[in-house]
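This briefing covers strand pairing, a cavity and a chain interface. The points are grouped by topic below.

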Amino acid sequence: MAGRNNLINNLFIALLFIALEVISIFGIYKTGIIQEYAISKGVREVKSFFWEGRSNILNYFKLAKENQDLVEENSNLQDIAYKYWSLLEDLAIDSLKAIAVADFEFIPAAIVKNSPNRQHNYLVLNKGEKSGVARDMGVVTEKGVIGVVISVSSNYSLVLSFLNEDQSFGALIKSSNIFSPISWDGESAESAVMREIPLHIPVSKGDTIVTSGYSAIFPPDIPIGTIESSKIVNGVSQEAKVRLFENFRAIKHVYIVKNRNAEEIDELFNNGVLM
Amino acid sequence: MTPGTRRAIIVLIIIQALLNDILSFSFYFQPAFYIILIISLPKRLNPAYVLLISFFTGLIFDIISGAVWGIHSAAATAAAMFTLMIRPKMFDSNRNHHVKTEDETTYRQQIFKAKFFLQILTIVSIFFIVFILLDNFGFNHFPFDLYRFALCVSANSLVIWLMILLFNSRSKHGNTTK
């Protein structure tokens, strides 16, 4: 019994002590400027802690709905993005159409596989016979020539890349309109070599190289690159190093060039009329 | 301590409170001699009264001296609470021993004095821990606070100890002359 009374007495003393301290601190809060600021700051931090906790708990229960809203928003944004992409594709095709003659048609395709680091490089495109792709069609972008289709399946096509030592086609130095063959130099994916430029033709650094349009594969005036340097070879012709516009390592989308008159031209070749 | 001595202490405390602003010894030194009242309260006094007396002494000191209201009362109440907690533990060990010789009496008196000084030092320390914490509300100037604490505790403990010795010798002298 005495022990119980002692316990109650001690409890009373402890409560009285706490009450007196609280009164004192309240007095400090009311009259001390620094103390008021510090106490207010402390109280705000404690309140913020509880508010944040409450907010986190409420947000947790709202997560499912927010997730659903985000999915819907994402879906809407994807729709908008697709519309813009298709518009951009149309614009790009339009720019190529402006360059090309009416005989050429462009089929947009995505690169499924690309190998820019070998001596003989190839690309695989996601368009094949079903999309109207056939062997010997050119492959280009707005910034250059990519290669030639060498094999076609129903849904895919294999392209012999321009980055291939066996690949060569005709190009023009735009400033002088001189035609010469251009091919990959085999050294880097960023450069090519234009050979057999007549000695009397002035070759300047920075001159633009474009497709000639003298074949049924590539339309004319597609930019390829600029001349970086030139040298005389064996005293009979010049050779120019060309810096390519297209970055073969970053390329994702291309256009397959379809010549509407290809069959007619082939027929002429086969009949020996143009031989 | 006699009631007369306590009255003298209360008068001294009021004078100190009134002169607190004028007697500015140093930024680091805060006189708090009224702790002597808490220490000299009768041991058999109800603990609740000890707390209340300490609280109101501190509050009156705050009001008279123009300090932030509550700062001395909080520190004094904490010091009183600590006094209530340590006093029985520090002095209970002396009660159960019977004094046999004069040498032993002298020795026990010395021990008692040492313990009493230790008690004053501890109570004053508790007072200034609470006081400095409430005054600054943080540890931004910890080295200065430590210096302030050391100076306040040592100076106040010494003054209080000397005052108690003075009052005790005067009361003994008064008793012998009567």
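**Strands, cavity and interface**

Ile209(A) stands opposite Gly225(A) in E10(A). The model is a predicted one. That residue pair belongs to the antiparallel pairing of strand E9 (residues 208-211) with strand E10 (residues 223-233), both of chain A, which spans 3 bridges.

**Barrel in chain A**

- Strands E9 and E10 are part of a closed barrel of 6 strands, in the order E6-E7-E8-E11-E10-E9, with antiparallel pairing.
- From one strand to the next, the twist averages 40°.
- Strands of a sheet pair through backbone hydrogen bonds, and the pairing is either parallel or antiparallel.

- Strand E3 (residues 138-141) pairs with strand E4 (residues 144-152) in the antiparallel sense, over 4 bridges.
- Within that pairing, Val139(A) has Gly147(A) of E4(A) as its bridge partner.
- E3(A) and E4(A) make a hairpin, with 2 residues between them.
- E4(A) is also joined by 5 bridges to strand E5 (residues 157-164) of chain A, and the two run antiparallel.
- Here Val152(A) is placed opposite Ser157(A) in E5(A).
- E4(A) and E5(A) likewise form a hairpin, with 4 residues between them.

**Cavity**

- Rolling a probe the size of a water molecule over the atoms shows where empty space is left.
- Searching the whole structure gives 1 cavity of 30 Å³ or more.
- The largest cavity holds about 40 Å³ of space.
- Its lining consists of Lys143(A), Gly144(A), Val145(A), Phe162(A), Ile224(A), Leu244(A), Phe245(A), Glu246(A) and Phe248(A).
- By residue class, the lining of the largest cavity has 6 nonpolar, 1 polar and 2 charged residues.
- Which strands contribute to this lining? Gly144(A) and Val145(A) line the cavity and fall in E4, residues 144-152.
- Phe162(A) is another lining residue, and E5 covers residues 157-164.
- Ile224(A) also lines the cavity, and E10 covers residues 223-233.

**Interface between chains A and B**

- The size of an interface is often given as the accessible area lost when the parts come together.
- Between them, chain A and chain B bury about 1,500 Å², with 80% of it on carbon and sulfur atoms.
- On the chain A side, Ile13(A), Leu20(A) and Gln35(A) lose the most area to chain B, and together they make up 31% of what that side buries.
- In terms of contacts, 18 residues of chain A meet 18 residues of chain B.

Conventions: Residues are numbered from 1 along each chain as its sequence is written. Chains are lettered from A and ligands numbered from 1 in the order in which they are written. This is a predicted model: local features need pLDDT of at least 70, side-chain atom pairs count only at pLDDT 80 or more; totals for chains, interfaces and linings use all residues. Side-chain values use heavy atoms; hydrogens and water are left out. On a 1 Å grid over the protein atoms alone, a cavity is a set of points where a 1.4 Å probe fits but cannot get out, and a pocket is an open set with protein on both sides within 12 Å along at least five of seven lines; lining residues have an atom within 4 Å of a point. Grid points are joined across faces, edges and corners, and a volume is the space filled by probe spheres set on the points. Ala, Val, Leu, Ile, Met, Phe, Trp, Tyr, Cys and Pro count as nonpolar, Asp, Glu, Lys and Arg as charged, and the others, Gly among them, as polar. Two strands pair if DSSP finds at least two bridges between them. Axes are lines fitted to C-alpha atoms, for helices over the stretch in contact, and angles run from 0 to 180 degrees between N-to-C directions. Contact means heavy atoms within 4.5 Å. Buried area is the accessible area (1.4 Å probe) that two parts lose on being put together, summed over both.
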